[in-house]
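Dear colleague,

Please find below the structure that I am handing over to you. My notes on it follow directly after.

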Amino acid sequence: MQVPAPFEYERATSVDQAIGLLERLGSSARLVAGGHSLLPMMKLRLANFEYLIDINPLHSELGYIRLGDDEVRIGAMTRHRELLESEILADVFPIFRDAEKVIADPIVRNRGTLGGSLCQADPSEDLSAVCTTLDASCVIRGTAGERVVTMEEFHVGPYETAVQDNEILTEIRIPRKNFRAGSAYAKVERRAGDWAVVSAGAAVWLDDGRIVDARVGLAAVGPNTTGIPEISAALRGNEPSEDLFQLAGAIAARSCDPSTDTRGSADYKRHLADELTRRTLRTAVERARS
Amino acid sequence: MTTVHEPSQAKITEFEDNDQKPVGFGRMLRKEDARLLRGRGRFVDDVQLPGMLHLAILRSPFAHATIVSIDTSAAEASPGVKAVVTGETLKGLGLAWMPTLSNDVQAVLATDKVRFQGQEVAFVVAEDRYKARDALELIDVEYDVLDPVVDVRKALEPDAPIIRTDLEGKTNNHVFDWETGDEAETDAVFARADVIVKEDIVYPRVHPAPMETCGSVADFDPVEGKLKLWSTTQAPHAHRTLYAIVAGLPEHKIQVIAPDIGGGFGNKVPIYPGYVLSIVGSIVTGKPVKWMEDRSENLISTGFARDYIMRAEIAATAEGKILGIRTNVLADHGAFNGTAAPVKYPAGFFGVFTGSYDLEAAHCKMTAVYTNKAPGGVAYACSFRITEAVYLVERIVDALAYELAMDPAELRLKNFIQPEQFPYATKTGWVYDSGDYEPTMRLAMEMAGYDELRKEQAEKRARGELMGIGISFFTEAVGAGPRKDMDILGLGMADGCELRIHPTGKAVVRLSVKTQGQGHETTFAQIIAEELGIPPDDIDVVHGDTDNTPFGLGTYGSRSTPVSGAAAALVARKVRDKAKLIASAMLEVSVADIDWVKGSFQVKGDPGKAVTIQEIAFKAHGAGDLPEGIEGGLEAQICYNPSNLTYPHGAYICVVDIDPGTAEVKVRRFIAVDDCGTRINPMIIEGQVHGGLTDGVGMALMEMISFDEDGNCLGASLMDYLIPTALEVPDWETGFTVTPSPHHPIGAKGIGESATVGSPPAIVNAVVDALKPFGIRHADMPLTPSRVWDAMRGQATPPI
Amino acid sequence: MQVTMTVNGTEYTREIEGRMLLVHFLRDVLSLTGTHWGCDTSNCGVCVVWLDGEPVKSCTVLAAMAGGHEVRTVEGLANGAELDPIQEGFRQCHGLQCGFCTPGMLMTCRALLDKNPDPTEGEIREAISGQICRCTGYSSIIRSVRWAAVHESDAKEAEVAQA
């Protein structure tokens, strides 16, 4: 089987110590958490680093889901399985459980982390779409302290994030709004565990039966997982209806930029962007109402 | 005669809970499981020898390119590297090319140019697998990239680049033309048909991808001049003979050992360059050398399967009587013709494409070509291309049903070969040994609740829901084969078997075939047990070691039970014949006065007077004289030459649901009724069927090795080459009928590949049936959501 | 670098390269060849072992990462001559053919039963969905897990009744 090129293994003992290591080693070092994206790439020699800094020991520091009145804070080392099994998250943002059920497979989910998924910045990555849908922000820590960026700022390009060589993503913050909230996620895949052909997340907030805010995030239809502000604008202030979902779907289909590959044709993906936008909005509204 | 049995399906919630020990046929737990369950199996990569080195292969990144130069100096200087070898070195040793199983040649390491992406270019031997892999990065190869032949339809165009410039005088990419049946008769039948249906049908390139990849450990002892080779081979004896021919080593100085094998499915039939390189590596370094390919290497360079583009036509009367089938096939054989099929059958057994139907005429014309893709063609439980043949006939029969607006079950029932017609000579020269198709079909329909399903479908269609019911009925041809017709590189396809009964009545049976998971250690013990009455646990089954087993051609094409199983039964009968002579002396009666009652000989009319096989064994080895002319000991050997193939059959019904919004296909139910003649171990048979059905879901819905226009393989990892998980398959519903083979000593037929052969058409027929409201008559595999969506919009395209 | 880990209850300290994968540490360094490997991309799951009680794909965990932790492999399932009920279930229900994916399947299914002693067919399918078996078509694996579940529950009831 394929094996990685030589590197030095360093073990992080705290976030600050990890940042210290990064500061010293610069771009020759890379953090590794679950490793299920990074290590296969290193085995196939598509990526090589002189140093790997194992941050699994930081799980005790960065593995948490905290429910606040204004926001939910999730530590970057929280593993997929913990996100899937969290009753708190399922209650507040059921989109997480929807998505986690279809991310990779149960064994990979024992190991993979929220932070690792976001930092991989794969355009087909599901948790990025979830976080985009929920208007999450990312807490990045470096020697100079912490900074907080939006998901749009976080994803600089495919496989490229705002996290600098000497920084570490520590936390995701998801705002809670004082309205009835509902969210959902749907993914079409060729087979369980495959990357998305297309997936979509939707979140709605209702007040008095009307949509006060709504967001849709799509994966696998462009260079990055994308939120579609035009959909939010079209939905706000309206009562949910099939016509409205149809409109949102049409906007999703024309706003995305998929390409044809072995997972499907661009036309099909555009169709799915429409179909899944409608489906997730419908479910999100049902959940907000219940 | 057919015996019809009720469904044997054990539901997931109800399971057998027993440890039966049948002395003969019946459900019996497997003997091999004890070690495999404890992690004590011994697979090739588990072999550790003192001083063993590791080999890694540098492969071509291009599909077609001239090798300008290779610089190995940096790799040679890399830490822990013991040897770096290129094609030039092999050329000096006369080892740069080797014969394929189809009388072509294949480069062991490329010398002139590379002909497919992933072709072997050089190798490194180093202290460990990490260092070997590191050194590959340091080999500097300069290539001059050539235009590749990727589109098989363009391979014979006059301006197509010539791939096999190594073959003297080769001016095109043509491999062979092949024809079967009678063209004039078939044309005449088509001329008077009421209905002719034509369809272009593609069976895409797929890969067996056993969970264990291919590999070997070569240990050449320069003092003894003996080579020991542990390798992932389904055919250890055939491999040994070929190594003798390729490497020039005397055959008695080569020992091929196939230890536990992690699945084969035909992937481990050919000899790959890697095996030969490990031998070269061991000879060069004087140390044992291990080569284990990684998954990408397995998928891009070893025996692929299928890759047939078929034009199928069927002719019938308006009432649905099928008159004839004709087909024109374009076969992609890759860069070297490495097809592992009997020599006289360049298209394998594709000639059985007339299926289970009584036709008046049939004809096939085939052209095979070279392309810049990996070699192979016959693999993945295909029964030598019967997968393609059955897919063709079962798809075109369904298309006919569509045109005639007839129920596809009814159409099939109307056209079956009738029981009294067996042995049945087909219009393409095959003689089906036995069959009784209607009871098998009726049982499948009854298990499925066929009429109810059609009602449910009608209701769902009215609501706009997409539900499909697909049928396939297949006849297989397995157990190659009679040596007058069948050989591989001149080696007749017979199998040997040796049986020795020890003094205490325990036994050892030595086989020429080799399990890759089929359970030979259990099944063959049961065959001997049935014949001799010795408990299976008292019978040791030895296989997979050329020094310790008789010659034979190995396990593929579902041939173990039809050929080697027959050998085992007959060798046991030989032992029994001798035992009878000894028994008659022990009982002091003439042989005419004793009867065999499983496990002992009894005096006729006096059952109390008897000797057991164990007592006879002790006598055979013991003190005192034996009857005149009888040698001591109780053992025999045999080489079995089958008189015909065996022809198992089956009826499969698949139910699918399609999400109209996303075009995702869900296989809801799958009913498989198989008839493999006499059933030795029903548990093992059911397991064989289940595995094959899962292959069918893979091929029908997701598996495909595809290429981009530059010839880059797009299915080079298990991330890209998708194999079904437990979530894509239903709980299998199985049943059986029994129509014994008249020429097999115990009436058994092969079962290993029936389900892989029979299931893809059932699934595709179900999907196409679900899409009937869209006016769809055909859509090609793999039926991924995107491709199904195309079909729903009337834009179905071939996958290549 | 030096790594120390506990495998099947025994502590091992070995000198390794930082890049060594856990599967190679188990197979090549400790000669525990029951754990297999089948791909490069963590898709096949034949390499599953337990790390601190959780099934993980050992081809995608560095041996160094397991330093200071507990690993359990298929060799650690049976209690001497006595098979673990999950192993017995696979034997009874023909849950294996070539046996190559079996060690990983056994480790995942044992973990499933420890968490969920009475899993449904769907839960079992989900639990093993990161692992490929090319031979069995999965139905017999599911029956094997159910066999183990029923027999473990019977054994527990018998214990309670005795007490």
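The domain assignment, whose bounds come from an automatic or database source, divides chain A into domain 1 (8–58), domain 2 (59–175) and domain 3 (180–289). Please note that this is a predicted model, in which local features need pLDDT of at least 70 and side-chain atom pairs count only at pLDDT 80 or more, while totals for chains, interfaces and linings use all residues. Residues are numbered from 1 along each chain as its sequence is written, and chains are lettered from A and ligands numbered from 1 in the order in which they are written.

Between domain 1 and domain 2 of chain A, the C-alpha centres are 18 Å apart. Contact here (C-beta atoms, placed from the backbone, within 7 Å) joins 17 residues of domain 1 of chain A to 19 residues of domain 2 of chain A. On the domain 1 side, the largest share comes from helix 1 (residues 15–25) of chain A, with five residues; helices are DSSP runs of H or I, at least four residues, numbered from the N terminus. That side comprises nine nonpolar, seven polar and one charged residues, where Ala, Val, Leu, Ile, Met, Phe, Trp, Tyr, Cys and Pro count as nonpolar, Asp, Glu, Lys and Arg as charged, and the others, Gly among them, as polar.

Chains A and B also touch, through 18 residues of chain A and 21 residues of chain B. Helix 13 (residues 266–289) of chain A contributes the most to the chain A side, with four residues. By class, the chain A side holds eight nonpolar, six polar and four charged residues.

With kind regards

Methods:
Two residues are in contact if their C-beta atoms, placed from the backbone, lie within 7 Å. Helices (H or I, at least four residues) and strands (E, at least two) are DSSP runs, numbered from the N terminus.
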